[in-house]
Amino acid sequence: MAKASKKTVRGRAAPKPAKVGPGELLTLVDFVRYGVSRFVEAGLAFAHGTTDPVAEAAFLVSEALHLNPEQFETFAGARVTVAEGKAILDLIHRRVTTRKPAAYLVNKIYMRGLPFYVDERVIVPRSFIGELLASHFGGEEGAGALIDDPTAVERVLDLCTGSGCLAILAAHHFPNAAVDAVDISKGAIEVATRNVAEYGLEGRISLYRGDLFAPLGDNRYDLIITNPPYVDAEGMAALPPECRAEPKLAFDGGRDGLDVVRRILREAPDHLAPNGGLICEIGRGRDLVDEAFPELPLLWLDTEDSEGEVFWIAAADLG
């Protein structure tokens, strides 16, 4: 306990748990409000499955009470027990003092409504590609689809798979596809293996440990999806403590952030089917990508929460 009291947050002494008297916090909403106040007071950073302190507090309260996030509103006014209240306060305090992403504290994150196991071996998933699979690949907006018929997709590749979440979402969206997923990290493959097993997809998703396309031989795919490391040197130096708790390997894209992206674009033509395509997330590096590859007719895609952070290119346009 003495050692714990010496931990610092941004160079300051770590805050002690605020004293909460009996009966002062009663309902789920009460605990969310308390969590928001503590998170704002501590200057936490958000972008790991939640985008603001209210969503983060609601997520932790729901997880402490074993509720699906969609159930929060139903029980927002319900009272919690003393034991439940202690569990919630402990999570809030750990979030403030450790500066770890909330997902690591509860070993869970949701993407497109599906839960996935995560720990410090993988980056916390927050890719926009999951939404794009639904909106641009034979989804409800079929008129603007990049692939009209999801059932016709036979092979999908997920590069830099991390926890395996995008590979699993792809398996759900393309019901007839075999999915290969690659990551260079042994720990990431271990986490992805667990998630694939949780969804009973061992027969459809094959996991490979290796450097991008290296373990795949001459395999070709109808669709390649990737959320590679793309943070530049300046961005790496400015990462908040929450991101520094994640694997550096999953962020570091070299001096200008494009080291891995360049390799993917260079090697992808050898692994795409003639009518296939590549979808790649690049964060806020659109200008750099356009400048680096002026000859490529990249199609930039928007989502509900992003603008021009993901591009698509057809195999025929990669040469």
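Helix H11 (residues 259–267) buries Val260, Val261, Ile264 and Leu265. Buried means under 20% relative accessible area, with a 1.4 Å probe and protein chains only. These four sit on the same side of H11, because they cover an arc of only 130° around the axis. The arc is that of the directions from the helix axis to the C-beta atoms. Helices (H or I, at least four residues) and strands (E, at least two) are DSSP runs, numbered from the N terminus.

This is a predicted model: local features need pLDDT of at least 70, side-chain atom pairs count only at pLDDT 80 or more, and totals for chains, interfaces and linings use all residues. Residues are numbered from 1 along each chain as its sequence is written, and side-chain values use heavy atoms, without hydrogens and water.

Contact means heavy atoms within 4.5 Å. The cover over the buried residues of H11 includes these elements:

| Element | Residues |
|---|---|
| Strand E5 | 155–159 |
| Strand E8 | 221–226 |
| Strand E9 | 272–281 |
| Strand E11 | 306–314 |
| Helix H13 | 315–318 |

The largest nonpolar core has 39 residues. Such a core is a set of buried Ala, Val, Leu, Ile, Met, Phe, Trp, Tyr and Cys residues joined through side-chain atoms within 4.5 Å. Helix H7 supplies its largest share, seven residues. Phe174 is among the residues with the most contacts inside this core. Beyond four places in sequence, Phe174 touches Leu133, Phe137, Pro150, Val153, Val156, Arg204 and Leu223.

Another core, of 28 residues, lies apart and includes Ala64 and Ile88. Ala64 belongs to helix H2 (residues 53–64). Its relative accessibility is 16%, so Ala64 counts as buried. Ala64 touches Ile88 and Leu91, leaving aside residues up to four places away in sequence.

How values were computed. Buried means under 20% relative accessible area, exposed over 50%, partly exposed in between (1.4 Å probe, protein chains only).
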